[in-house]
2 protein chains.
Amino acid sequence: MPGRATRPLSSAPVAATEARKRVLIVGGGFAGLAAARELADVRGVEVVLFDRRNHHLFQPLLYQVAMAGLSPAEIAAPIRGLLRGAKNVEVRQEEAIGVDLEGRRLRTRTRQGEHEHAYDTLLLACGAGHAYFGHDEWEEHAPGLKTLAQATEIRRRVLSAYERAEIETDPARQRALLTFVVVGGGPTGVELAGALGEMSRFTLARDFRNIDPALARVILIEAGPRILPSFPEKLARRATRDLESLGVQVWTASPVTDVDASGVQVGRERIEAATTLWAAGVEAAPLGRLLGAETDRLGRVRVGPDLTLPGHPEVFVLGDQAHSLDAEGRPLPGLAPVAMQQGRFAARAIRRELRGAVERETFFYRDRGQMATIGRSRAICDTGRLAFGGFAAWAFWLLVHIYFLVGFKNRLFVVIQWAWAYLAYGRGARLIVSRDWRRGGELPD
Amino acid sequence: MPGRATRPLSSAPVAATEARKRVLIVGGGFAGLAAARELADVRGVEVVLFDRRNHHLFQPLLYQVAMAGLSPAEIAAPIRGLLRGAKNVEVRQEEAIGVDLEGRRLRTRTRQGEHEHAYDTLLLACGAGHAYFGHDEWEEHAPGLKTLAQATEIRRRVLSAYERAEIETDPARQRALLTFVVVGGGPTGVELAGALGEMSRFTLARDFRNIDPALARVILIEAGPRILPSFPEKLARRATRDLESLGVQVWTASPVTDVDASGVQVGRERIEAATTLWAAGVEAAPLGRLLGAETDRLGRVRVGPDLTLPGHPEVFVLGDQAHSLDAEGRPLPGLAPVAMQQGRFAARAIRRELRGAVERETFFYRDRGQMATIGRSRAICDTGRLAFGGFAAWAFWLLVHIYFLVGFKNRLFVVIQWAWAYLAYGRGARLIVSRDWRRGGELPD
């Protein structure tokens, strides 16, 4: 590993002979799960992983659930099951609400009440949610995409809009029902818009009698000068072209000034749209701010080179919740590979300490690049050295995701099943499931 | 076909040369879908199928979704997609709320308002919901199992009960969290109780550290003298034994007198249970009573031998919504094969009329038997001639369901995928998805 650096620990080193070290992990996302797996069956460590949900989510494919291409169970699995073999790891479905840094205790909440858990080492990896920049009232009209519940809500809204358009007789209202706005031109927004365009053009095209879904408008709105700011400009141009070929209109330099039930305001312009989706901003989980440590404007905790809280080498902050820097001093992006590498790094630091190490290593991110899909047969891919798009990028994207899903689900057949479901896009998952389970609760909406 | 009978039509026969006959079908269940398929691409007929949901549901496997063995998309498919090839069939997601029998108009409701649709022939196949016998307040504490939303709600409650038991320190409350009551000893109740028992014994057994799910109590409560009253007594005894081997306690002659948030009252006895499921009674969809026709105590419309409303040969009532009689004068049960045969019968009656037939045939049900599974490798099967149980019955059950799913989904690979998901029971679908999609809405519960 290049340029390995160390820094002295600010508290006394833990002796290798100490009985049992109690490690609490908050969050079962990529960082937390990677750490728990790295600590599985390590002697001298007992691990408790907390998550307020019962499942780990393969978030890079969440937009596929929202667009009815995949089922929730195809990209999520119970954390408990994933860690079944790790006898020293306990999983508890509790929500973390605070940390007593001096007393080394984590506070959690369940329906039964509040709880406290002592720790020797704490790993915070609570992730991020989406942010509305001070306009929380927009959430009702423009759901974001971070959880399975949100993905199924988006699916419900999108599919219901087509159903309502099919029976609508007023042309203006029909047009609004067939207008889909995606706010935010990052990878999530691009993937959502591309999948929406493709669903309208191909999957739904033959299903309706009174409307032509291919005439649906999909508008991708980005406040900045171009979409995909983290990618090379050439790839962003290519993605724009690919989106347009799927019927997606790309509006750049268009800050959204209002969102309501019937549409979106972009300065003086007004788009009448029954469905608006939010992919514009993220904000780290609130627990970070509660620590009293320094945070950036996204609420991410500024950590040291060893990913710990300044002055608290026993508290790691990982993944989307952390503001950590790369070798050039730029903050690392909120990507699954960053989180996984950080989770493993923290776990290895704990293992090194058990073996008597007194100095910490510095975390370095091995950047293998980034990618985004546009529809079902095109993508853009930027590995640092190579930047390419089109079908080749898509095939590469598929390979990489199959590779990671194999690691995640551990069964080849599940991946074959998944690949099938993916290629058969649009066959089975186009279900509108009501939010209300009670009798009579299922009105068309 | 044996014993074919006819009766004269009470209104003027429709001439075969008439331009186009407008057939409205209400309900995309087994009866409505079978009728729509039988009328697909028939010249001279235009069909509109109404359903307040967008999907057809393979209800015999719905308990598998509730028990996290299958995903919703594996047993449901959009009606629109299933009828994609039928150019003369339109699908509208609207809720039927009334019928003007004299004016021959169907009234429906959507979020946009109320609508009216004229018909020449009307097929009512709205199905049935569950009934609480005058105790609608029990529904909140004991959901039934008729829709995908209910199945996912049951799954959420069952899995959450184990999660809460894992972190509960009070022994009495832990015991209540690990007690599952199923009210109703018909096939649905037996299948739910068996799957619950099996999930505790096998699927979850290695997943928890603080509780032993195998010690969970599953109690099946039946008011009558025995479970499975529609099956031969010998098979019911066998099913009882099989249930008990999965740890299910079977209480017969035990009418439930109260259900609340913390348990169930059975006369003077009290069961403390965090989870109660309702499989005790059904009631036909309310539209039947609104017709002003004669209904039985379950709200089913009493139809003539040709499945039409007395005095209205242009109105068929089918499936669970109809009270129709077999050759011995007994009412037919609410089973998928009955509904499918009735749907096809009604469609064929319409086709015969188009060809100039003036007399109606009498519906006869071809009874191929009934079955129920107990856990994942046992079942009971009663074909009338043969009554058998155990693994042979289960293999037969699997074959029959694969056969019907092939017809339903029309793709062999989907069935292989399904069979895999079924045999890998408990791997991927154990997700607790929150009811609230908003940020912060996902508390552990």
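Let us begin with A:His117, which has a relative accessibility of 8% and therefore counts as buried, the limit being under 20%. Please bear in mind that this is a predicted model.

In chain A, this histidine belongs to strand β9, which covers residues 113-118. Its side chain has a polar contact of 3.0 Å with the side chain of A:Glu94. A further polar contact, at 3.4 Å, links the side chains of A:His117 and A:Thr108. Beyond four places in sequence, the residues in contact with A:His117 include A:Arg22, A:Leu24, A:Phe50 and A:Leu106. Among them are also three arginines, A:Arg92, A:Arg104 and A:Arg105.

I now turn to chain B. Which strands form the open sheet here, and in what order? There are four, running β14-β13-β12-β18, with parallel pairing. The edges are β14, residues 248-251, and β18, residues 275-278, each of which pairs on one side only. On average, and ignoring direction, neighbouring strands of the sheet are turned by 20° against each other.

Within the sheet, β12 (residues 179-183) and β13 (residues 217-221) of chain B are joined in the parallel sense by five bridges. For B:Thr179, the bridge partner in β13(B) is B:Arg217.

Thank you for your attention.

Terms used:
Residues are numbered from 1 along each chain as its sequence is written. Chains are lettered from A and ligands numbered from 1 in the order in which they are written. This is a predicted model: local features need pLDDT of at least 70, side-chain atom pairs count only at pLDDT 80 or more; totals for chains, interfaces and linings use all residues. Side-chain values use heavy atoms; hydrogens and water are left out. Helices (H or I, at least four residues) and strands (E, at least two) are DSSP runs, numbered from the N terminus. Buried means under 20% relative accessible area, exposed over 50%, partly exposed in between (1.4 Å probe, protein chains only). A polar contact is a pair of N or O atoms within 3.5 Å; within protein, one must be able to donate a hydrogen and the other to accept it, and residues adjacent in sequence count only if both atoms are side-chain atoms. Contact means heavy atoms within 4.5 Å. Two strands pair if DSSP finds at least two bridges between them. Axes are lines fitted to C-alpha atoms, for helices over the stretch in contact, and angles run from 0 to 180 degrees between N-to-C directions.
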